[in-house]
Amino acid sequence: MTDLVLVAGAAAWGAVAGTLLPRAAYRFSAPAGEAWHTECPGGHPVGGWLGRARCAECVPPGTVTGPTYDATTGTEYHRAPPGVRYGPSRLVLAAVTALVCAALAAATGTRPELGVWLLLGPLGVLLAVVDFRVQRLPDPLTLPFAGAALALLGLAALVPEHAGEWTTALLGALALGAGYFVLFLINPGGMGFGDVKLALGAGAVLGWYGWPAVMLGTLAGFVFGAVYGGALVVARRAGRKTAIPFGPFLIGGAFTGLLIGAYAA
């Protein structure tokens, strides 16, 4: 019963957090070299970073915005147009983030590191969405992800009943970051520097559960990326040298390794 309540609570947290991601996903989804979005596609200002991505000033085609009459009272009023969505769907992001958080809770149980995973999970979803949309991993997301992972895991290591090691998390971050940096130097066109920064955070969360989790999560990321790239080639939607966003697969691999590491701990 306790496990069901924990998973349900984690799913609820993920759903709420997911509904706050669309605006950040849109604002960060700017091609490399461009500033973060400050306006909707219609040119209206976008303020803040959290919340839905819908502009009330943009009117959907065919929408009637003139005066409307209330037949009962005979008064005239103006109904606000529904607005136009300019970013990812709140429902989709809420559902995905809820599933991620629920899976993490089911794998981790009541151990203190679960709080770390639930805080980092929505950020991982946001990073995956942004990279998939524009093939860019923003520094304001990747670097805080790595720093927060190490800082929060350091606090979790002070709480009884934790199942990982902070030292291995630190070494995992350095090792995976160094490995991706070597790949970047060998093939800059195939591996972006944003992936190197993201690897620091992925290495930290995987390293918490030891080197087997680091190796498994790393391998899973490359397998996921290879399968996706191969499927695009078979479908003739990409060539052998077509660049694909690797961040979502790096995150997916880390998520896989984290789940297995948590179950095995």
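Modeller: A residue is termed buried under 20% relative accessible area, exposed over 50%, and partly exposed in between, with a 1.4 Å probe and protein chains only. The model is predicted, so local features need pLDDT of at least 70 and side-chain atom pairs count only at pLDDT 80 or more, while totals for chains, interfaces and linings use all residues. Residues are numbered from 1 along each chain as its sequence is written, and side-chain values use heavy atoms, with hydrogens and water left out.

Biologist: How much of the protein chain is buried on that definition?

Modeller: Of the 265 residues in the protein chain, 44% are buried. The chain exposes about 13500 Å², of which carbon and sulfur atoms supply 67%; accessible areas come from the Shrake-Rupley method with a 1.4 Å probe, and for residues only the protein chains shown count as cover.

Biologist: What makes up the secondary structure of the protein chain?

Modeller: Nine helices and four strands. Helices (H or I, at least four residues) and strands (E, at least two) are DSSP runs, numbered from the N terminus. Along the sequence the pattern reads α-α-β-β-β-β-α-α-α-α-α-α-α.

Biologist: What share of the contacts with a separation of 6 or more joins residues 24 or more positions apart?

Modeller: That share is 71% in the protein chain, where contact means heavy atoms within 4.5 Å.

Biologist: Why is Thr 168 called buried?

Modeller: Its relative accessibility is 16%, and the limit for buried is under 20%; Thr 168 therefore counts as buried. Thr 168 lies in helix H6 (residues 166-186) and touches Gly 207, Gly 210 and Trp 211, not counting residues up to four places away in sequence.

Biologist: What makes the pairing of Glu 113 and Arg 111 a salt bridge?

Modeller: A salt bridge requires a side-chain nitrogen of Lys or Arg within 4 Å of a carboxyl oxygen of Asp or Glu. The closest N and O atoms of Glu 113 and Arg 111 are 3.0 Å apart, so the pair meets the definition. Glu 113 is buried at 0% relative accessibility, and Arg 111 is buried at 17%.

Biologist: How many salt bridges does the structure hold?

Modeller: It holds two. Asp 139 and Lys 197 also form one, at 2.7 Å from N to O. Asp 139 lies in helix H5 and Lys 197 in helix H7 (residues 193-207), so the pair ties together parts 58 residues apart in sequence. Asp 139 is partly exposed at 33%, whereas Lys 197 is buried at 17%.

Biologist: Which residues gather in the surface patch of positive charge?

Modeller: Arg 52, Arg 54, Arg 85 and Arg 90. Patches are made of residues with over 30% relative accessible area and no salt bridge, like charges being joined within 9 Å. Lys and Arg count as positive, and the place of an Arg charge is taken as CZ. Arg 90, in helix H3 (residues 90-108), has a relative accessible area of 40%, so Arg 90 passes the 30% limit and is partly exposed.

Biologist: Why is Glu 161 called exposed?

Modeller: Its relative accessibility is 65%, and exposed means over 50%, so Glu 161 counts as exposed. Gln 135, at 44%, is partly exposed.

Notes
Patches are made of residues with over 30% relative accessible area and no salt bridge: like charges are joined within 9 Å, nonpolar side chains (Val, Leu, Ile, Met, Phe, Trp, Tyr) within 5 Å.
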